[in-house]
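Student: I am new to this structure and would like to learn how to read it one feature at a time. Could you guide me through a few of them?

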Amino acid sequence: MQSQGYSQNGDEYDLILERVFEEYQSSPNTATLNKEAKEWSESIKENGSWEDINYKDQSGTGWKPDRHIKRIGTLTKAYTRKESELFGSEKVYNQIISAAEYWINLNPAPNSSNWWWISISVPQEIGKLLSAMRFGTKKLPQELENNLIKWMNMTVSTSKSPGKDGSNLTDIAQHRIMQAALTKNENLLSESVKMTSESIRFSEKDGIQRDYSFHAHGPELYMHGYGMEYLSGIRNIEVYVKGTRFSYTPEQMELISDFVKKGYLQVIRGKYIDYSVIGRGISRNNATRTNSNLVKQLRDVVPDESTKTYGDAIKRIQEDESTSFGVEPSHTHYWRSDYTVHHRPEFMVSVNIASNRTIRTESGNGENLNGQFLTEGAMYIAVDGNEYFNIFPVWKWYMIPGTTTPANQKLKKRTNWVAENGNVDFVGGVSDGINGVTTYQMDAYKTKAKKAWFFFDDKVICLGAGISADRPEPIYTTINQSLKKGEVWTGENTSLKEFTEKEAHFDKDLKWVWHDAIAYYFPSSQNIRLSAQTQSGSWKAINSNSSDKKIEMNVFNLWIDHQLNPSNSQYSYILLPGIESPDGISSASVSSIEIVENSSDIQAVWDNSNKLLGVVFYKKGKLEWNGNTISMDQPGVVLACQTDDGEWTINYADPTQKLSGNVKGEFKFNSNSKNLNFKLPTGNLAGSTISENVNF
């Protein structure tokens, strides 16, 4: 069935219903549909109910009555799909009537403690099945249709939270558009599309941010999860209304495409999603694995010039090509979300932090019970992408990669809907689009640290200074905690040997660790611990709605032990992802990396091979390196890069996002001096990178 453009009002409603029907029938395949529909047709009782559904259930997750509506939907698809064995079946038609009447006559009416079921799930399914029945051999009785439409109005307001922003708004708007087409209500149709149309913009609240990150439930990073639902909703609505008077504009679809390319796709490696951008969904089985369906659907509604980016991503997600296929070197710091992602064809590394401007990863609906430390500098270090896939039931949640946190082995379970702001304002990053520096002045959980990440080409240099704590537990800087895949190798030099113990403590001489295509280099002696053994847990420990079945996995764990009550402790290590074997260590040069300073005032790294200088000034000051200097009259993050012709680009960002006016500095190189003057961005650009070109 192929839709075409219509201009008359009545035809626009018919066109929308036809498109809803086509979308509804796009899945599952007919063989699966026949099997499912026959099961529900054979098990339905004479009164229109199913024995296995608890219609009095009011739980917030896995709400049982929703199954009744979904089963009516399955029967409706089979009844209205010409290829189905049950197409036009009088028996199935009568069962649809019986099941629908049972639903509307339930007393008391089904209800859930979670508003989402009644406001989104039920009315969306009703809207779709009512639209499909318009194409059936026999239509629903008008009175029954009217009574089902009443259920579509049992939804939260779209003028206030939780229904007024982001994916919640687009989800509600979808069933309002269906209702408008069913009832030929032009005002409802116009108003519903208009509301979602207004969400296609840079938002100061929930939705697409100026840096192309995505917020939901306040300033909380939700690039996937709610970000995915938002994109799906916009795409569906565009499919419904395209070619009508209510269609989105080309400029709006351009912005959607930009968000997909610059945000949504940036947090995927292969077919796996960065665990830190899915919110409380981290505690759901298989949540970090994605598929290509939405990307394919979006490709069909966005401007044509974007399609190569989408096509490359689809091939990576479907594993038609390698994880490196079409990946260009890039570096992005999302200053609205305190999130950094660094891409190279060989790997992806990200850092997620919460400042007092943003929200730590939430708990809610009994999910993400142990995620207190998920925004304390959590790192996703990915070559294949599956390094953390479903590891979370057995994770030591006090040892999240990249974090410096108390080793509290009995983390208190979080209560429902905990969504706290971070503690400090000095969180941010500078980027030139290819390389960058990210920083976090940590002050949380009675633990303080100055943390910095230098993303220089194929290396990530990680520094910590001023680490102190007043805790009953030791403080750990966790370098990685990932699935153990294959051998682990260690060495005092580039000649490594296989690590065969379960756990070991290195307080000197360890220089290299290699595991699963990632090498770790330690420039100085530190109190390093390594574990490669079985860890156990259950999904229920992190998600109260899940199974308590014991799960065991082999886990690679590498960390620095700062011991009890550290005072001004430090760490330094270098990540080299993408080294396929321990033999590759011999050609992995770290000699060009110089850690110039790692103190509570300044953290700085010079990369001689790439002519890159990264500096974190925690207060105004001066850095000297190799006879050169750079000074700043305000705190901030600096990335200086020398080009092939000898010119310099000096990039600056204000992590606090509180400074105003101009930041001044001086840059001296090879006895030449140049004054710097950075005019600070304001509004939703505060914290973004600004640049000065220096010619001597």
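This is a predicted model: local features need pLDDT of at least 70, side-chain atom pairs count only at pLDDT 80 or more; totals for chains, interfaces and linings use all residues.

Student: Where is K611 found in the chain?

Tutor: K611 is found in a loop, the one between β24, which covers 602–607, and β25, which covers 612–617.

Student: Does K611 count as buried, partly exposed or exposed?

Tutor: The idea is to compare the relative accessibility with two cut-offs, since buried means under 20% and exposed means over 50%, with partly exposed in between. K611 has a relative accessibility of 31%, and therefore counts as partly exposed.

Student: With which side chain does the side chain of K611 make a polar contact?

Tutor: The partner is the side chain of N608, and the contact is 3.0 Å.

Student: Turning to strands, how do β26 and β27 run, and how many bridges join them?

Tutor: As a general idea, the side chains in a regular strand alternate between the two faces of the sheet. Here, β26 (residues 621–625) and β27 (residues 628–632) run antiparallel and are joined by five bridges; G621, for instance, has M632 in β27 as its bridge partner. The two strands form a hairpin with two residues between them, and N626 in the turn has a positive phi of about 50 degrees.

Student: Finally, which residues lie nearest the centre of the second largest pocket?

Tutor: They are Q266, T309, R316, G326 and E328, out of 17 residues that line this pocket, and the space in the pocket is about 380 Å³. Among the elements that each supply at least two lining residues are α10 (250–262), β3 (268–269) and α12 (307–317), with α12 giving the most, four residues. Sorted by class, the lining of this second largest pocket has seven charged, seven polar and three nonpolar residues.

Definitions and conventions:
Residues are numbered from 1 along each chain as its sequence is written. Side-chain values use heavy atoms; hydrogens and water are left out. On a 1 Å grid over the protein atoms alone, a cavity is a set of points where a 1.4 Å probe fits but cannot get out, and a pocket is an open set with protein on both sides within 12 Å along at least five of seven lines; lining residues have an atom within 4 Å of a point. Grid points are joined across faces, edges and corners, and a volume is the space filled by probe spheres set on the points. Ala, Val, Leu, Ile, Met, Phe, Trp, Tyr, Cys and Pro count as nonpolar, Asp, Glu, Lys and Arg as charged, and the others, Gly among them, as polar. Two strands pair if DSSP finds at least two bridges between them. Buried means under 20% relative accessible area, exposed over 50%, partly exposed in between (1.4 Å probe, protein chains only). A polar contact is a pair of N or O atoms within 3.5 Å; within protein, one must be able to donate a hydrogen and the other to accept it, and residues adjacent in sequence count only if both atoms are side-chain atoms.
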